[in-house]
Amino acid sequence: MSSEQGSVGIVETQYYTFAEPPCQLELECGRKLGPITLAYETYGKLNAGKSNAILVIHALTGDAHAAGRHSPSDRKPGWWDKMIGPGKAFDTDRYFVICSNSVGGCQGSTGPSSINPETGRPYGLEFPMVTIGDMVNAQKALIDHLGIEQLACVVGGSMGGMQVLQWATTYPDKMRLFIPIASTARLSPQAIAFDAVGRHAIMADPNWNKGNYYGANSPSSGLSIARMVGHITYLSDTSMHTKFGRDLKDKVTPDYDFVTEFQVESYLNYQGDEFVKRFDANSYLYLSKAMDYFDLSQPEGELRKGLSAVQAAALVISFSSDWLFPSYMSKEIVSALRRNNVDVSYAEIQSDYGHDAFLLEFDTLSRLITNFLEYAGPRNSDER
Amino acid sequence: MSGEIRTVLRSNGDLRHEFQYIVNTVKPGSTVLDLGCGSGELMKALQKQKRARVQGIELSDTAVQSCVEKGLFVYHGDLNEGLADFNDNSVDYVILTSTLQVLERPDLLILEAARVGRQCVVSVPNFGYWRVRFQLMFQGVMPKTEHLPYEWYDTPNIHLTTLTDFRRFCKKYGLHIEQEIDLVIGEQSCKRIWLLPNFFADYGIFVLRRETPLTGSDKI
């Protein structure tokens, strides 16, 4: 599938503001947040029955710009452009695709870098702790605003997949299908540990200044390290061998120095440097913490009970070399759903790309998803 | 694994002949779990002809994709890990077609299938088939047939059985054979064998039911 074929073309980010005081959104932590703005994009047309809407949810540092380009000179299309467009898996000739930036983020939606209306200054750490559930409740307000009673499908990878599961649990009758990809109902302690290292790097940066760095130097070295750690967890041993090997950067013999010598080091530096240009350090703290807190097996400690409300049919997808969200986590979800008599398919895609595979294995993902959207439906049409 | 095995069985374009016999054993509107469901042909036929509520378990990724393409619900995984999610008597039929011979412990899976399913439909290639016997007897070579096309060194079939062996197994483990359909499957057709099936049939379909109810209502 070539990248230009079937593009949604030039798109524009839109904004929806709600939860104006005194009707603020009540958060899981007990605090209230409002007004809330969500940045979102839509592709394709909502049909008359408003039954063809698909909600796509981005990962930790993703944004609302999932497909198309903002201007003809845009260097890169949206983050899931190969999946969304005319004739693609999320076929915009048939479906109305919505992607919104999560609350707590920094790419158009309300987050710690937004102005706190009470003080007139950026929230910083005054921003309340938001959870995956809060993000979903905010998205629900957007979906209501768009007049959609029931989504055809909710789909997302990684942190987006967590929100997909939360959607299916909190709003079980608001979707017909859901597709969590490379995701989990609860992070492993190993994944929480990596998140913690990232947060420590940010908070140890003197520029961080307890979150009050807006208008001054931002904690870019801390954020950059956090991103580097993150990137290690998104790749696999094999993909690092293939991509970098033990190659040195622009030389054959080492200089025996502490400069960047290996290709893999150079890659991480580049990823870190690029990331700080587009992401807010406080948002990274909040969003990674939201992932850590997420646990659908609570309060009873049993995933099957946590998922008991789910009604929609699911396609759960994992990737063989993903060690951050390993296949066993997806299987846990599938197992709980099956025990609850929910219709579910599970596919493990063989891939060397690690966790990143959900942004790379387009062919297999497209094949699975296209057919699932086309043919699957909850079997409640049967008499049983 | 079983997906690959099945591709060596001929298909007449539509439904394989032996599958129609299996479909006929299933009551309309039943719930069915197909272990080693391959690309989902049988499940699709059960869904269409019997309005059955079907789901499968399959190890081969291409076969899993074919199932999803058919709109079927399938679990990508090893057969032995699959059944822990299912309560006793939780589905009407558990189906095992041409799957047993490739498993490490077919006995354990049959017993699990008999725990989960009210009935089990099990089909096996018959190693007592006369062509198999003759090859070993007169040529002195490891037998190769339509159902068993592999060389001795690359065969996935590690637990072959004859129809007689399988009946003995059922007896030993308290599985009542409600129905047995013995066939010889040709290119164009599939013939039922009534006379000396362990010699003249190359394929057997068994509908099984536990003779004694499970003790302890829910082991999960």
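A:Asp250 sits in the loop that runs between α5 (237-243) and α6 (263-278) of chain A. Its phi is near 55 degrees, a positive value in a residue other than glycine. The model is predicted. Chain A and chain B bury about 2400 Å² between them, and the contact takes 27 residues from chain A and 26 residues from chain B.

**Backbone of chain A**

- Most residues other than glycine have a negative phi, and most peptide bonds are trans.
- The peptide bond from A:Pro21 to A:Pro22 is cis, with omega near 10 degrees.
- A:Pro22 belongs to the loop between β1 (14-18) and β2 (25-26) of chain A.
- A:Pro299 is found in the loop between α7 (281-293) and α8 (303-306) of chain A.

**Interface of chain A and chain B**

- The size of an interface is often given as the accessible area lost when the parts come together.
- Of the area buried between chain A and chain B, 46% is on carbon and sulfur atoms.
- Three salt bridges are found across the interface of chain A and chain B.
- One salt bridge pairs the side chains of A:Asp343 and B:Arg53, at 3.0 Å from N to O.
- Between chain A and chain B there are twelve residue pairs in polar contact, with both residues at pLDDT 80 or more.
- On the side of chain A that touches chain B, at least two residues each come from β13 (313-319), α9 (327-339), β14 (344-349) and α10 (362-375) of chain A.
- α10(A) gives the most to this side, with six residues.
- By class, the side of chain A that touches chain B has ten nonpolar, seven polar and ten charged residues.

**Helix pair α10(A) and α4(B)**

- Two packed helices are described by the angle between their axes and the distance between the axes.
- The axes of α10(A) and helix α4 (residues 61-69) of chain B come within 8 Å and cross at roughly 30 degrees.
- Angles under 35 degrees count as roughly parallel, so α10(A) and α4(B) are roughly parallel to each other.
- From α10(A), the contact is made by A:Thr364, A:Arg367, A:Leu368, A:Asn371, A:Phe372 and A:Tyr375.
- From α4(B), B:Gln65, B:Val68 and B:Glu69 take part in this contact.
- By class, the contact of α10(A) with α4(B) has four nonpolar, three polar and two charged residues.

Terms used
Residues are numbered from 1 along each chain as its sequence is written. Chains are lettered from A and ligands numbered from 1 in the order in which they are written. This is a predicted model: local features need pLDDT of at least 70, side-chain atom pairs count only at pLDDT 80 or more; totals for chains, interfaces and linings use all residues. Side-chain values use heavy atoms; hydrogens and water are left out. Contact means heavy atoms within 4.5 Å. Buried area is the accessible area (1.4 Å probe) that two parts lose on being put together, summed over both. A salt bridge is a side-chain nitrogen of Lys or Arg within 4 Å of a carboxyl oxygen of Asp or Glu. A polar contact is a pair of N or O atoms within 3.5 Å; within protein, one must be able to donate a hydrogen and the other to accept it, and residues adjacent in sequence count only if both atoms are side-chain atoms. Helices (H or I, at least four residues) and strands (E, at least two) are DSSP runs, numbered from the N terminus. Ala, Val, Leu, Ile, Met, Phe, Trp, Tyr, Cys and Pro count as nonpolar, Asp, Glu, Lys and Arg as charged, and the others, Gly among them, as polar. Axes are lines fitted to C-alpha atoms, for helices over the stretch in contact, and angles run from 0 to 180 degrees between N-to-C directions. Angles under 35 degrees count as roughly parallel, over 145 as roughly antiparallel, 65 to 115 as roughly perpendicular and the rest as oblique.
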